[in-house]
Every structure is written in structure tokens, then in C-alpha cells.
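Here's one to go through together, with a lot of "says who?" about the labels. Let's look at it and then take the labels apart.

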Amino acid sequence: MAQLIKGTDILLYDGSISETVHNVLIGEPSADGKSYTLGIPKGDQHIWTDRKIGFFGRIFRTVGLPANGIEANIPLAWGQNVRAEYAAITGKCTVYAKNTYSRHVFDDVFFYDGRGEKTSKTGAVPTEDVTVKIYSFAHNGSYIPKPGDIIVNGECSVVFDAFSEQAVSESMAELRRAAGDIAVISSVRNTMNGLLPDIDITGR
């Protein structure tokens, strides 16, 4: 018997590599249009937790853990559901660890530099902070940024020489020349998404 309801091809990313998964059922969007429930084909062996996915020409990420049914009791072609939420991605960011200055590059993050100035009677004062979201799929449990770390927008190739205070000072000057505006992380909030946390960062 022919399948009357058909799914859609979607992209499942592993870093910069994508794989096409066929016949994924995409449900109705949420009221705000930012999330969908996906029906995953029976017999599918892919991991759907903390994943970056693509469909409709946009990038999404899976949220929470997939809900599995008993395939034999499900009449249609899909055996589990997972929620997909739109991922606001601006590019990469680079984090330098406090004290050691080890370098960590994160792909597919949301980076917003809201630092600006407004003129008042007392002079120019900063109005906002740097806010960054590192999605769970973008770090995969690797280094978790901490308060006091340095964060810059984009991928920065500067590697610190931490052999002496003078070497660190010279490396910092090189970083400022290469990256322009840098920020120091003031707070980090980890929010569990599936099995890994999303990392929400504020910096100044």
C-alpha cells in the first residue's frame, strides 16, 4: 500500500558536515512560527538530542529529548517525535580562558554586542552588554566558558604566549589589534536543553 502522507528531507549536521534524512514529518508550526514537532521515521538510528538541523532553508536545533512510541502500536511511518526550534545564529566566537589563556573556538553561536554610549551630563556611559548564546550542539560538552574569560566575536587566530607577564601583555596587544573589541565575561548561565546545556553569556 502506498504511503498517503509523506515526510520531507531534512539536513542533520555534525559540525560542518550534513547528512540528509529522508521522510521526516514536519508538523504544524507553533503560534510564533519558531518551532515545529518532527516525526522521525521508524527504524531511524540517528541521534536527535542536542542536534543542529536544517529545513525550509533555515537552521533549527532540537530541543529536549525525543519522545519514543512503541513502533508496533503506531499505524503510520514515524516512531518518535522531537521538537525543533529556530536557532538564531550569527557566526563564531572565540574564548580565551582566564589565567591560562587557552583558546576555544565555538561555531554556530548567537553573538550580540550591545555596548554603546549615550551622552549625559556626567559624560558618556555604557548602555548595554555583550550577550552570547552557545547552543548545546555548538560545544558538545567541550570547554565551558567562565566569568573572567575573554570573549571575542568571530574566529580569532591569536594564540597567547603565557610564559611571562610581558609575553601575556604582548599577546593581549596582538589580540586587540586582531579582534578589535574584546569583552570580559561577567556571568555564565547554563540551561539544560537535552543532555547538554545551552550556555548564556554576558560580558563587558
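What follows is a set of questions and answers about the words used for this model.

Q: What makes a residue count in this predicted model?
A: The model is predicted, so to speak for local features pLDDT has to be at least 70, side-chain atom pairs count only at pLDDT 80 or more, and totals for chains, interfaces and linings use all residues. Residues are numbered from 1 along each chain as its sequence is written, and side-chain values use heavy atoms, with hydrogens and water left out.

Q: How many helices and strands are there in the protein, and what makes something a helix or a strand?
A: There are two helices and 14 strands.

Q: Why is Gly79 called buried?
A: Buried means under 20% relative accessible area, exposed means over 50%, and partly exposed is in between (1.4 Å probe, protein chains only). Gly79 has a relative accessible area of 8%, so it is buried. Its place is in strand β6, and its C-alpha is 5.9 Å from that of Pro41, 38 residues apart along the chain.

Q: What about Gln80: why is that one buried or exposed?
A: Gln80 comes in at 13%, so it is buried. Gln80 also lies in β6. Contact means heavy atoms within 4.5 Å, and, not counting residues up to four places away in sequence, Gln80 touches Leu38, Gly39, Ile40, Trp48, Pro66, Ala67 and Asn68.

Q: Which strands pair with β11?
A: Strand β8 (residues 103–113) does, over five antiparallel bridges, and so does strand β14 (residues 197–203), also antiparallel over five bridges. Val109 has Ile134 as its bridge partner in β11, and Lys133 has Asp200 in β14. Strand β11 (residues 130–134) has a covered face of Val130, Val132 and Ile134, and an uncovered one of Thr131 and Lys133.

Q: What makes a set of residues a nonpolar core?
A: The members are buried Ala, Val, Leu, Ile, Met, Phe, Trp, Tyr and Cys residues joined through side-chain atoms within 4.5 Å. The largest one here has 19 residues, and those with the most contacts inside it are Cys93, Phe106, Phe111, Val132, Ile134, Ile151 and Ile201. At least two of its residues come from each of β7 (91–96), β8, β11, α1 (136–139), β13 (183–192) and β14. Apart from it lies another core, of 14 residues, among them Val21, Val24, Leu38 and Ala84.

Q: How do you know that the buried residues of α2 are on the same side?
A: The buried residues of helix α2 are Ala167, Val168, Ser171, Met172 and Leu175. They cover an arc of only 140° around the axis, so they are on the same side of α2. That arc is the one of the directions from the helix axis to the C-beta atoms. On the other side, Gln166 and Arg177 are exposed. The buried residues pack against β7 and β12 (150–153).

Technical notes
Helix = DSSP H or I, 4+ residues; strand = E, 2+ residues; numbered from the N terminus. Pairing = 2+ DSSP bridges.
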